[in-house]
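Here are my notes on this one, as numbered points. Have the viewer open while you read.

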Amino acid sequence: MIASFLEHFSDLEDPRFSGFVTYPLPEILVVALVGVVCGAEDCDEIVLFCEEKMDVLRQCLPYKNGVASAKTFWRVFDFLNSPSFADRFAAWVAALIGSVKGVVAIVLRQVRDEGQNDARGAAAGRKRESPACPFGLCP
């Protein structure tokens, strides 16, 4: 699945100056995909989640410098050509649909947020939905 994703995005132009790139675009794209599919809701959560999964991510790409910071994610996605990105993403999803036989179920499960406090200082125990992960990375 990751190889197919990378193939669809292989010609996406990296908007950064090539001499100043610490985190290659394919690594940023894969981390974003995995993080979001596994329930991350923003760049900070993507980074935190994927930093814990480096051993698995390195099976796909080198991640020589680890995972980029949330600020780097914001900058890169802010400067990417949105229509070009959207076209490639749609093509990747369409290719998945054509290659999968049978029914694909997306299972949602509830995850309790630990360590968050409400205004009184009591544990909030807020629940949120998190998708089951096809990468085998999600908690």
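1. Which residues make the nonpolar surface patch of about 250 Å²? Phe89, Val93 and Ile97 make it. For patches, residues need over 30% relative accessible area and no salt bridge; like charges are joined within 9 Å, nonpolar side chains (Val, Leu, Ile, Met, Phe, Trp, Tyr) within 5 Å. Areas come from Shrake-Rupley with a 1.4 Å probe, and for residues only the protein chains shown count as cover.

2. Before going further, some ground rules. This is a predicted model, where local features need pLDDT of at least 70 and side-chain atom pairs count only at pLDDT 80 or more, while totals for chains, interfaces and linings use all residues. Numbering starts from 1 along each chain as its sequence is written, and side-chain values use heavy atoms, with hydrogens and water left out.

3. On to the overall layout. The protein chain has six helices and two strands, in the order α-α-α-α-α-α-β-β from the N terminus. These are DSSP runs numbered from the N terminus: helices are H or I with at least four residues, strands E with at least two. Of its 139 residues, 34% count as buried (buried is under 20% relative accessible area, exposed over 50%, partly exposed in between, with a 1.4 Å probe and protein chains only). The chain exposes about 9000 Å², with carbon and sulfur atoms supplying 57% of that.

4. Contacts (heavy atoms within 4.5 Å) reach along the chain: counting pairs at least 6 apart in sequence, 60% join residues at least 24 apart.

5. Now the inside. The largest nonpolar core has 31 residues, and Val30, Val31, Val34, Leu57 and Phe73 touch the most other members. α2 (25-37) is among the helices that each supply at least two residues of this core, and its eight residues are the largest share. A nonpolar core here is a set of buried Ala, Val, Leu, Ile, Met, Phe, Trp, Tyr and Cys residues joined through side-chain atoms within 4.5 Å. Leaving aside residues up to four places away in sequence, Phe73 touches Ile28, Val31, Ala32, Cys43, Ile46, Val47, Val67 and Ala68.

6. Beyond residues up to four places away in sequence, Phe89 touches Phe5, Phe9 and Leu33. Its C-alpha is 7.5 Å from that of His8, 81 residues apart along the chain. Ile97, also found in α6 (residues 82-99), is exposed at 62%.

7. How many salt bridges does a search of the whole structure find? Two, taking a salt bridge as a side-chain nitrogen of Lys or Arg within 4 Å of a carboxyl oxygen of Asp or Glu. In one, Asp11 pairs with Arg88, closest N and O atoms 3.0 Å apart. Asp11 sits in the loop between α1 and α2 and Arg88 in helix α6, so the pair ties together parts 77 residues apart in sequence. Asp11 is exposed at 53%, whereas Arg88 counts as buried at 17%. In the other, Arg16 pairs with Asp14 at 2.7 Å between the closest N and O atoms; Arg16 is partly exposed at 22%, and so is Asp14 at 24%.

8. Last, Arg75 in helix α5, partly exposed at 46%. Its C-alpha is 9.7 Å from that of Pro15, 60 residues apart in sequence.
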